[in-house]
Amino acid sequence: MADDRLFALQRRERVMEELRRHGAVRVRDLAQTLEVSELTIRRDIVALAERGLLTKVHGGATLPTDLDPSPAPLRRQRTGAAPFTIGIVVPSLDYYWPQIVSGARTAAAALGVNIQLRGSSYDPAEDRRQITRLTAAQQVQGLLLAPNLEDDGVDQMIDWIGRLPVPTILVERQTPHWTATPRQLEWVRSDHALGMEMAVRHLHEHGHRRIGLVLSKGSPTSAHLDVGWTRACTELGLPGDFVVRESLSLDVPGHRDIISGILDRCRRSGITALIVHSDPDAMSIAQYLAEQGVSIPGDMAMVSYDDEVAHLAEPAMTAIRPQKARVGRVAVEMMVSRLMEGKRRPAQRVLVLPDLIIRSSSVTPR
């Protein structure tokens, strides 16, 4: 009985993950994905709807909204007080970050708190401007931030954030182990290093012994991916010297010449598989290979990192998928816990494990 209960919980968590990712789900699709009957999925949806976690609609479910009249017993608010408002500042509203914001909104709805979203850029000055707007209005009780921590002024930025008048949690960012701020900053982020290890080990299991890595130039994720790459290559006894740091997406001037140069190096080095961050760069390489008559995965296996649009590639791209919605959800839950418990709660720093999504670009069909 305990095993059955655990399986149901795991299945319902998968239902919620699909719902956070797409905003709406169909019973038929979930039944096929989870390999259970449609009746089982309908029962799961009813159970989750009774807890206020989703809204049941004909043939499926959607995320709950303020217009949903159904009861939400899990939405906890402070007795006799207005709900907390949490400010979120993210560097992009069109790639990677929408799923994090979606997860944050879902958690906020379940916990009865409000969200104020601000879009920024990868510019520290703009980060400060948007953060200051939120704190100056004195309408937020906590902040979830994803500032640029790559520039020379990173120490000053961390110190400034650590002295803000409201509790702060970094999202998909982390501070050094020790900082000289009045309080040690909390953070939640994807374990990108482990995600890279997953990619390397997947290719190694399929016979590849010369693997190359293409890192997106200027991405905050690259440093973590490099750590995972070095660790995996060392543990597996693979050469880890083929690392390229370039931006290769279709809108980068001269991307074809850059890709041609990388592939020439691959041929000289005997590279049979590439791991590429991120999806647009991986798709750009795949398109160039197809034009040159190079078979994927026969001549060159590929794994992308991010899984935003990797499924749209030809062939569909195997990818490491950071659990972005989960990161947003955990960040809100951590903040609400901090606001409710104050200094009694120990500081937390959380890593969320990615998934390996296997598609056609890395495995030869039998």
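Biologist: Which residue in S3 is the bridge partner of valine 57?

Modeller: This is a predicted model, where local features need pLDDT of at least 70, side-chain atom pairs count only at pLDDT 80 or more, and totals for chains, interfaces and linings use all residues. Residues are numbered from 1 along each chain as its sequence is written, and side-chain values use heavy atoms, leaving out hydrogens and water. S2 and S3 (residues 60-62) run antiparallel and are joined by three bridges; strands are DSSP runs of E, at least two residues, numbered from the N terminus, and two of them pair if DSSP finds at least two bridges between them. In S3, the partner of valine 57 is glycine 60.

Biologist: Which strands stand at the edges of the sheet?

Modeller: The open sheet has three strands in the order S1-S3-S2, with antiparallel pairing. Each edge strand has a single partner strand, so one of its sides is left without a neighbour in the sheet; these are S1 (24-26) and S2 (55-57).

Biologist: Is H7 parallel or oblique to H8?

Modeller: Helices are DSSP runs of H or I, at least four residues. The axes of H7 (residues 192-205) and H8 (residues 222-236) come within 7 Å and cross at roughly 40°; axes are lines fitted to C-alpha atoms, for helices over the stretch in contact (heavy atoms within 4.5 Å), with angles from 0 to 180 degrees between N-to-C directions. Angles under 35 degrees count as roughly parallel, over 145 as roughly antiparallel, 65 to 115 as roughly perpendicular and the rest as oblique. Therefore H7 is, relative to H8, oblique.
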